[in-house]
Amino acid sequence: MTKIAPSILSADFAKLGQEIKEVEEAGADYIHVDVMDGHFVPNITIGPLVVEAIRPITDLPLDVHLMIENPDAYIPAFAEAGASIITVHQEACVHLHRTLQLIRSHGVKPGVVINPATPVEMIKPILAEVDLILIMTVNPGFGGQSFIQETTSKIKQLADWREKYKLSYEIEVDGGVNEKTAGICTTSGADVLVAGSAIFNHENRKQAIELLREKAKV
Ligand code: DX5
Ligand code: ZN
């Protein structure tokens, strides 16, 4: 069954704990945490302190998406704070292979992310190093943007490579995922759907998650 990872970027930060509990009870699989530094992306959001604060609130894995420059400097702090998965942008890593190994050395599952304009071939050499690959279906920085359809060919390619090379990474998509776009993601091969506004802008989070699963059809 398709996994759903609500992005807390669209949650009400004044009652973040409650929001997280609500999506956990509504059937979420991961809690997606968007970390932005105002350099790699034009927005500033969450740091390790917030990850540490939400860790005891939920039993779900914390899927920490680092949209920051020089992620190596902050990986130990996010691991210590309780991240379960840490994804780093290929575009932000000079020594990507080393960074992925650094994440694993802290007992955290490593993942890699690519922006819409980055060809999927850029991460082919490190496929065996990751537990998760995140395909951005919008340009990172903000919630509520429109899905970029051209990115779906990368999902297909990753699913093909996974089979061909007998690998086991999960394929996750992030950005503009809603009832209209969930289907194309999963038919292309996505296993995990990140959704911010489609879940938190919906009054009934359970219904929102069920609707995404229904449209995902797998
Ligand atoms: C965008 C973030 C996303 C964002 C998704 O930079 O990485 O996780 O919260 O929001 P929606 O689902 O509203 O596009
Ligand atoms: Zn994200």
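Here is a walk through this predicted model, from its overall build to the spots that UniProt annotates. Local features need pLDDT of at least 70 and side-chain atom pairs count only at pLDDT 80 or more, while totals for chains, interfaces and linings use all residues. Residues are numbered from 1 along each chain as its sequence is written, and chains are lettered from A and ligands numbered from 1 in the order in which they are written.

Let's start with the whole protein. It has eight helices and eight strands; these are DSSP runs numbered from the N terminus, with helices being H or I of at least four residues and strands being E of at least two. The C-alpha trace spans about 40 × 35 × 30 Å along its principal axes. With 218 residues, a compact globule would have a radius of gyration near 17 Å, and the protein's 16 Å agrees with that. (That radius is taken over C-alpha atoms, and the globule rule is 2.2 Å times the number of residues to the power 0.38.)

How much of the protein counts as buried? The figure is 46% of the 218 residues. A residue is buried if 20 or more other C-beta atoms lie within 10 Å of its own, exposed if 12 or fewer, and partly exposed in between, with C-beta atoms placed from the backbone.

Now for the annotated residues. An unreviewed UniProt entry gives a "binding site" covering His32, Asp34, His65 and Asp174. They span 143 residues in sequence, yet no two of their C-alpha atoms are more than 10.5 Å apart, so they gather at one spot. UniProt positions follow the numbering used here, feature names are shortened, and annotations may be inferred rather than shown by experiment.

Take His32, which sits in strand S2 (residues 31–36). It is buried, with 27 other C-beta atoms within 10 Å. Setting aside neighbours within four places in sequence, His32 is in contact (C-beta atoms, placed from the backbone, within 7 Å) with residues including Ser7, His65 and Val194. Asp174 lies in strand S7 (residues 170–174) and is buried too, with 26 other C-beta atoms within 10 Å. Among its contacts, again not counting residues up to four places away, are His65 and Val194.

The unreviewed entry also has a "binding site" listing that includes Ser7, His65, Asp174, Gly175 and Gly176. Gly175 is in the loop between S7 and helix H6 (182–188), and Gly176 is in the loop between S7 and H6. Both are buried, with 27 other C-beta atoms within 10 Å for Gly175 and 24 for Gly176. Beyond four places in sequence, Gly175 contacts Thr137, Val138, Gln145 and Phe147, among others, and the contacts of Gly176 include Thr137, Val138, Gln145 and Phe147.

Terms used. Contact = placed C-beta atoms within 7 Å.
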